[in-house]
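Please read these notes with the model open beside you. They take a few residues, then the chains, and then the place where the chains meet.

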Amino acid sequence: MSLFITAGYPDLDSTVDLILGFDKNGADIIELGMPFSDPLADGPTIQYSSNVAISNGITMKRIFEIVREVRKTSEIPIILMGYINPIYKYGVNSFCNDAIESGVDGLIIPDTPPEESSIIAVEAKKAGLEMIYLVAPNTSDRRMQLVDDLSSGFVYCVSVTGVTGARSGDEVAHSVGKFIERVKTNVTKNPILVGFGIKNHEDAKRIAQKADGYIVGSALIETIRNHYPNKDWKVHVFNFVKKLKFGNL
Amino acid sequence: MYGGKFVPEILIPALEELEEAYHQVQSDPLFQKEYHDLLREYVGRPTKLTLANRLTDHYGRAKIYLKREDLCHTGAHKINNAIGQLLLAKRMGKSRIIAETGAGQHGVATATACAKFGFECVIYMGAEDMERQRLNVDRMRLLGAEVRSVESGSKTLKDATNEAIRDWVTNVENTFYIIGSVVGPHPYPMMTRNFHRVIGEETMEQLRYSEGELPDYLIACVGGGSNAIGFFYPFIENENVKMIGIEAAGLGADTDQTAATLSIGTPGILHGSMSYLLHNEEGQIQLAHSISAGLDYPGVGPEHSYLHDTKRVHYYGITDREAMDAVRLVSEKEGIIPAIETAHAFAYLEKLMPLTQRDEIVVVNCSGRGDKDMETISRWFHENQKL
């Protein structure tokens with residue numbers, strides 16, 4: 001189970017606690033979102049959390065500090081996920097070096113497909129970061145093989161055509177079976193993790209039977225949004241995470 | 001270095017399909033005939049090249065000509081591209097058209113083309129722009145388009161573009177995205193430029209007839225930069241033709257209320273391509289400001305970035321106030337109320353004309369007419385007690 005959270009949401013200080021709590025409650029990988037003002041692959045939920053985080057004053061340096069802080073007590077794999085412009089502005093080379101130095105394991109950059117990977121792939125590899133590329137339902141077999149060759153860590157399988165968080169779990173479950181089968185025959189070197197539209201344990205369980213893992217983002221951020229800033233908001237969020245993975249215990 | 005395909009994986013097959021289809025129609029005489037017939041019979045091309053004699057007398061220097069894109073059907077150059085891309089969509093068997101719009105001119109052009117061919121049409125427009133350009137919103141609705149208000153971010157063109165891309169990602173199978181400027185992922189900037197090249201080609205032909213020579217200066221306004229690139233492109237090889245692209249400086253390029261991307265921006269990636277951008281230290285896109293909704297964009301077409309770096313085209317910022325002064329001047333001297341976007345190009349005459357000679361020729365691309373801006377224009381002149 002991989003969990004996505006926007007760095008600096010709902011506030012700057014909670015991100016470290018959230019990641020450590022996710023680790024304790026069943027997460028296997030953390031995708032830490034680097035907020036961007038114009039997240040064109042994201043639905044309303046992640047647009048919202050990105051805006052809040054930017055208003056909170058999140059910076060790239062602060063994101064690296066968060067990772068450094070987590071690394072003091074946790075070895076959970078951390079993948080930074082975000083759009084290319086903030087990375088480009090930071091300087092691709094410094095970004096890769098600072099990322100690996102702070103304890104980041106890999107990168108997902110949804111607006112940098114294999115065609116444009118030369119902007120960062122060499123630097124990332126030199127620094128020792130995994131590069132995770134995406135496949136979608138309309139990706140051809142041949143292209144899936146290319147993505148498999150370029151990727152390390154895992155391949156991110158976008159379950160439906162659409163933005164993050166937009167589709168219902170049922171819709172995803174119905175259409176996704178055949179697609180995952182096709183991914184599995186073409187992506188053979190890397191594990192496949194399925195994301196987009198997974199909202200609860202039932203969705204997750206269905207995906208877990210077919211793929212190597214699943215990714216939850218928007219539903220987790222919605223949960224935070226519903227409970228923050230009530231006194232026990234983190235308890236609710238961690239319960240959600242536990243239930244996501246293990247169901248009702 | 002500029003351009004590219006910085007888009008989510010889902011759009012890559014769509015861009016490949018588009019590229020292939022565009023490549024085919026470029027050399028398809030049937031497509032080209034249909035396109036040029038429509039430009040002639042429906043858009044009203046060729047548009048006139050008008051000698052602006054009173055404006056010429058006013059400055060007492062070089063002769064000023066206007067390329068009259070304001071006379072195109074719908075009132076601006078945008079329709080050249082909307083018709084071209086719609087024909088391509090038809091050829092590709094897409095049933096649904098989406099577009100973003102800032103000032104509303106591209107939205108109107110797209111809605112018009114969709115009405116003419118019976119296509120479903122959804123236009124994304126920033127809530128703030130809908131307020132500034134109410135007449136164009138009603139025009140689009142009258143033409144049968146659905147106008148969706150975009151409430152995210154700055155509620156202007158940049159956010160409308162984000163939302164159109166999100167729609168495209170979701171409905172990629174049946175939907176064709178008609179981008180309104182020379183921005184976005186490849187092949188859009190090239191394709192849109194080529195659908196507007198007719199502006200420069202006609203200008204060259206018309207000047208050869210009336211003057212027997214090439215122009216000395218070309219001036220056009222630049223938001224994304226579609227009218228400018230269409231106007232400049234056929235002249236690029238002629239080193240003696242000096243070209244000036246006019247950006248909106250808003251309240252001034254040294255303030256934070258500006259849209260002068262090339263003058264003060266730095267390279268970055270937005271809406272699928274690398275180009276100059278207005279963004280902060282963290283790479284977050286900054287809000288652009290211009291009194292003109294059509295120039296209110298924090299990016300610019302990648303080819304303009306290239307022409308800026310190579311200094312083939314010079315880019316210059318004009319403020320809101322300078323543009324509005326030009327609206328008045330051109331209206332009074334030539335009987336043409338220009339769009340506020342276009343007025344930015346005219347305003348540069350104040351700087352350029354004293355440096356020109358009487359035997360030189362200046363051509364301004366009169367990219368659109370000002371009817372759509374009358375509310376903004378009235379408000380401005382009433383506030384400044386000049387009307």
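1. B:Asn162 belongs to helix α8 of chain B, which covers residues 157–170. The model in which this residue is placed is a predicted one. With a relative accessibility of 2%, B:Asn162 counts as buried, since buried here means under 20%. Apart from residues up to four places away in sequence, B:Asn162 touches A:Asp38 and A:Leu40 from chain A, together with B:His271 from chain B.

2. B:Arg68 is found in a loop of chain B, the one that runs between strand β2 (63–67) and helix α4 (78–91).

3. A:Met144, by contrast, is 135 residues from A:Tyr9 in sequence, and their C-alpha atoms are 33 Å apart in space.

4. Chain A as a whole contains eleven helices and nine strands. Its radius of gyration is 17 Å, close to the 18 Å that the globule rule gives for 249 residues, and chain A is therefore as compact as a globular protein of that length. Taken along the principal axes, the box filled by its C-alpha atoms is roughly 50 × 45 × 30 Å. Of the 249 residues in chain A, 62% are buried, and among contacts between residues at least 6 apart in sequence, 72% join residues at least 24 apart. The accessible surface of chain A is about 9700 Å², with 50% of it belonging to carbon and sulfur atoms.

5. Chain B has 16 helices and twelve strands. Its radius of gyration of 19 Å is close to the 21 Å that the globule rule gives for 387 residues, so chain B is as compact as a globular protein of that length. The C-alpha trace of chain B spans about 55 × 45 × 40 Å along its principal axes. Buried residues account for 64% of the 387 residues in chain B, and 74% of the contacts between residues at least 6 apart in sequence join residues at least 24 apart. Chain B has an accessible surface of about 14000 Å², 49% of which belongs to carbon and sulfur atoms. Its 39 positive and 53 negative side chains have centres that lie 5 Å apart.

6. Finally, how many residues of chain B are in contact with chain A? There are 37, and they are in contact with 37 residues of chain A. The size of an interface is often given as the accessible area lost when the parts come together. Here chain B and chain A bury about 2900 Å² between them, and 55% of that is on carbon and sulfur atoms. On the chain B side, the residues that lose the most area to chain A are B:Phe6, B:Glu9 and B:Arg166, which together make up 23% of what that side buries.

Definitions and conventions. Residues are numbered from 1 along each chain as its sequence is written. Chains are lettered from A and ligands numbered from 1 in the order in which they are written. This is a predicted model: local features need pLDDT of at least 70, side-chain atom pairs count only at pLDDT 80 or more; totals for chains, interfaces and linings use all residues. Side-chain values use heavy atoms; hydrogens and water are left out. Helices (H or I, at least four residues) and strands (E, at least two) are DSSP runs, numbered from the N terminus. The radius of gyration is taken over C-alpha atoms; the globule rule is 2.2 Å times the number of residues to the power 0.38. Buried means under 20% relative accessible area, exposed over 50%, partly exposed in between (1.4 Å probe, protein chains only). Contact means heavy atoms within 4.5 Å. Accessible areas come from the Shrake-Rupley method with a 1.4 Å probe; for residues, only the protein chains shown count as cover. Buried area is the accessible area (1.4 Å probe) that two parts lose on being put together, summed over both. Lys and Arg count as positive and Asp and Glu as negative; His and the chain ends are not counted. The place of a charge is taken as NZ of Lys, CZ of Arg, CG of Asp or CD of Glu.
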